[in-house]
Amino acid sequence: GRGGPRSLELAARFADEYNVFHVDAARCREIREGLDRACERVGRDPATLPLSLMNPVPTSSLEEAVADLREYEEAGVVRVMAQHLEHTDLETVEWLGRELAPAVA
């Protein structure tokens with residue numbers, strides 16, 4: 001979703017998770033706050049509706065990527081799906097597993 005009022009209300013009523021894509025941490029924070037309010041309106045514990053993010057693989061340094069992920073975490077994101085569309089670029093996939101994942105675990 002994009003955090004519109006209707007999608008937040010539907011998510012509060014029916015969703016197991018709310019996923020956003022290609023937004024910055026500030027927008028994630030706004031969406032998390034909107035989800036919390038929507039959950040409260042329908043009598044749902046906001047902690048039962050995780051916020052996740054699908055974003056492209058970071059092209060920055062490891063330190064910048066870790067800082068970005070920490071910022072998303074502070075904004076209420078509990079899961080990030082790193083989208084990497086260059087399917088033959090196995091070096092980046094290896095980097096994600098070898099360097100980035102352990103650095104944020």
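Analyst: Before we start, one definition: a residue is buried when its relative accessible area is under 20%, exposed when that value is over 50%, and partly exposed in between. Keep in mind that this is a predicted model.

User: OK, then why is R32 called buried?

Analyst: R32 has a relative accessible area of 12%. The cut-off for buried is under 20%, so at 12% R32 counts as buried.

User: Where does R32 sit, and what does R32 touch?

Analyst: R32 is part of helix α2. Skipping residues up to four places away in sequence, R32 touches P46, L49, P50, L51, A75 and G76.

User: What makes H22 partly exposed?

Analyst: Its relative accessibility is 46%. Buried would need under 20% and exposed over 50%, so H22 at 46% lands in between and counts as partly exposed. As for where to find H22, look in the loop between β1 (18-21) and α2. The backbone is worth a glance too: phi of H22 is near 55°, a positive value in a residue other than glycine.

User: And how do you know that E99 is partly exposed?

Analyst: E99 comes out at a relative accessible area of 31%. E99 belongs to helix α4. Leaving out neighbours within four places in sequence, E99 is in contact with L62 and E94.

User: How far apart are E99 and V66 in sequence and in space?

Analyst: They are 33 residues apart along the chain, and 10.0 Å apart from C-alpha to C-alpha.

User: What makes α3 and α4 oblique to each other?

Analyst: Here the axes of α3 (residues 62-74) and α4 (residues 90-104) come within 10 Å and cross at roughly 50°. Under 35 degrees would be roughly parallel, and roughly perpendicular starts at 65, so α3 and α4 are oblique to each other. α3 passes α4 in a right-handed crossing. On the α3 side, L62, A65, V66, L69 and R70 meet W95, E99, L100, A103 and V104 of α4. Those residues divide into 8 nonpolar, no polar and 2 charged.

User: Zooming out, in what order do the elements run?

Analyst: Starting at the N terminus, the order is α-β-α-β-α-β-α, for a total of 4 helices and 3 strands.

User: How much of the chain counts as buried?

Analyst: Of its 105 residues, 31% do. The accessible surface is about 6,600 Å², with 53% of that belonging to carbon and sulfur atoms. The C-alpha trace spans about 45 × 25 × 20 Å along its principal axes.

Methods
Residues are numbered from 1 along each chain as its sequence is written. This is a predicted model: local features need pLDDT of at least 70, side-chain atom pairs count only at pLDDT 80 or more; totals for chains, interfaces and linings use all residues. Side-chain values use heavy atoms; hydrogens and water are left out. Helices (H or I, at least four residues) and strands (E, at least two) are DSSP runs, numbered from the N terminus. Buried means under 20% relative accessible area, exposed over 50%, partly exposed in between (1.4 Å probe, protein chains only). Accessible areas come from the Shrake-Rupley method with a 1.4 Å probe; for residues, only the protein chains shown count as cover. Contact means heavy atoms within 4.5 Å. Axes are lines fitted to C-alpha atoms, for helices over the stretch in contact, and angles run from 0 to 180 degrees between N-to-C directions. Angles under 35 degrees count as roughly parallel, over 145 as roughly antiparallel, 65 to 115 as roughly perpendicular and the rest as oblique. A crossing is left-handed if the near helix is turned anticlockwise from the far one by less than a right angle, and right-handed if clockwise. Ala, Val, Leu, Ile, Met, Phe, Trp, Tyr, Cys and Pro count as nonpolar, Asp, Glu, Lys and Arg as charged, and the others, Gly among them, as polar.
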